[in-house]
Amino acid sequence: MANLLIQDYLRQLNLVYEGDPWIDETFAKKLNGLSEEDAFRQPGPKIHSVAEVLSHLIEWRKELIERFETGRPAFPLFDSEKNWYSNEILKERGWNQLKEDFAVTQRQLVLLWKSWDDQFLRKSYRNEYPYHHMVEGIVHHDLYHLGQIGLIINMLSGK
């Protein structure tokens, strides 16, 4: 089974999650050092908390995992409360649970992607776009929001 491309996507996903990437920042580094109080603090009006961003990542990962596994049509996550749960709802869930839910999606993505080969990535999802587009999208989405989390943390610390 030829899977050099999928191995590279897995490497990127894991590097950003808890590896040693060139950018020297990971989710593990950012999230594990953050107190529950700071995780739910918003540094300003209309600026998301870290918890809100993490929940957003979890929901998009869950959405794409389901698409990968079932091939069902896209759920309109953009227009759903799930896209950006409020801090009030997320506080009920708790910071440790949010971090665990993110870890669960990481493990699910890794297991799923390891079951594929590069040929699968070239197949089209519902005749719309190739699977590699969604795989790249998750990696890019993670990187974008990792930077956002870094900015939020810096704003909270007054940097």
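Is Tyr17 buried or exposed? Tyr17 is buried, with a relative accessible area of 15%, which falls under the 20% cut-off for that class. Please keep in mind that this is a predicted model.

**Helix H1 against helix H6**

- Two packed helices are described by the angle between their axes and the distance between the axes.
- On the H1 side, the contact is made by Ile6, Tyr9, Leu10, Leu13, Asn14 and Tyr17.
- On the H6 side, these residues meet Phe102, Ala103, Gln106, Leu109, Val110, Trp113 and Lys114.
- Sorted by class, the contact of H1 with H6 has ten nonpolar residues, two polar and one charged.

**Helix H1 against helix H8**

- The crossing of H1 and H8 is left-handed.
- H1 contributes Tyr9, Gln12, Leu13 and Val16 to this contact, while H8 contributes His132, Val135, Glu136, Ile138, Val139, Asp142, Leu143 and Leu146.
- The contact of H1 with H8 divides into eight nonpolar, two polar and two charged residues.
- Tyr9 and Leu13 are listed in the contact with H6 and also in the contact with H8.

**Aromatic pairs**

- Across the whole structure, a search finds eleven aromatic pairs.
- One of them joins Tyr17 and Phe102, whose ring centres are 5.7 Å apart; their planes meet at 45°, so the pair is tilted.
- Tyr17 belongs to H1 and Phe102 to H6, so this pair ties together parts that are 85 residues apart in sequence.
- Phe102 is buried, with a relative accessible area of 1%.
- Phe40 and Trp95 form an edge-to-face pair, because their planes lie at 75°, with ring centres 6.5 Å apart.
- Phe40 lies in helix H3 (residues 36-40) and Trp95 in H6, so the pair links parts that are 55 residues apart in sequence.
- Both Phe40 and Trp95 are buried.
- One aromatic cluster is formed by Phe68, Trp113, Trp116, Phe120, Tyr125, Tyr129 and Tyr131.

**Lys114**

- Lys114 sits in H6 and counts as exposed, at 55% relative accessibility.
- The C-alpha atoms of Lys114 and Gln7 are separated by 7.7 Å, although the two residues are 107 residues apart along the chain.

**Positive phi values in loops**

- Most residues other than glycine have a negative phi.
- Asp24 has a positive phi, near 60°.
- The loop that holds Asp24 runs between H1 and helix H2 (27-32), and Asp24 is partly exposed, with a relative accessible area of 43%.
- Lys46 also has a positive phi near 60°.
- Lys46 is found in the loop between H3 and helix H4 (50-70), where it is exposed, with a relative accessible area of 87%.

Note on methods. Residues are numbered from 1 along each chain as its sequence is written. This is a predicted model: local features need pLDDT of at least 70, side-chain atom pairs count only at pLDDT 80 or more; totals for chains, interfaces and linings use all residues. Side-chain values use heavy atoms; hydrogens and water are left out. Contact means heavy atoms within 4.5 Å. Helices (H or I, at least four residues) and strands (E, at least two) are DSSP runs, numbered from the N terminus. Ala, Val, Leu, Ile, Met, Phe, Trp, Tyr, Cys and Pro count as nonpolar, Asp, Glu, Lys and Arg as charged, and the others, Gly among them, as polar. Rings of Phe, Tyr and Trp (its six-membered ring) pair if their centres lie within 6.5 Å; planes under 30 degrees apart count as stacked, over 60 as edge-to-face and the rest as tilted. Buried means under 20% relative accessible area, exposed over 50%, partly exposed in between (1.4 Å probe, protein chains only). A crossing is left-handed if the near helix is turned anticlockwise from the far one by less than a right angle, and right-handed if clockwise.
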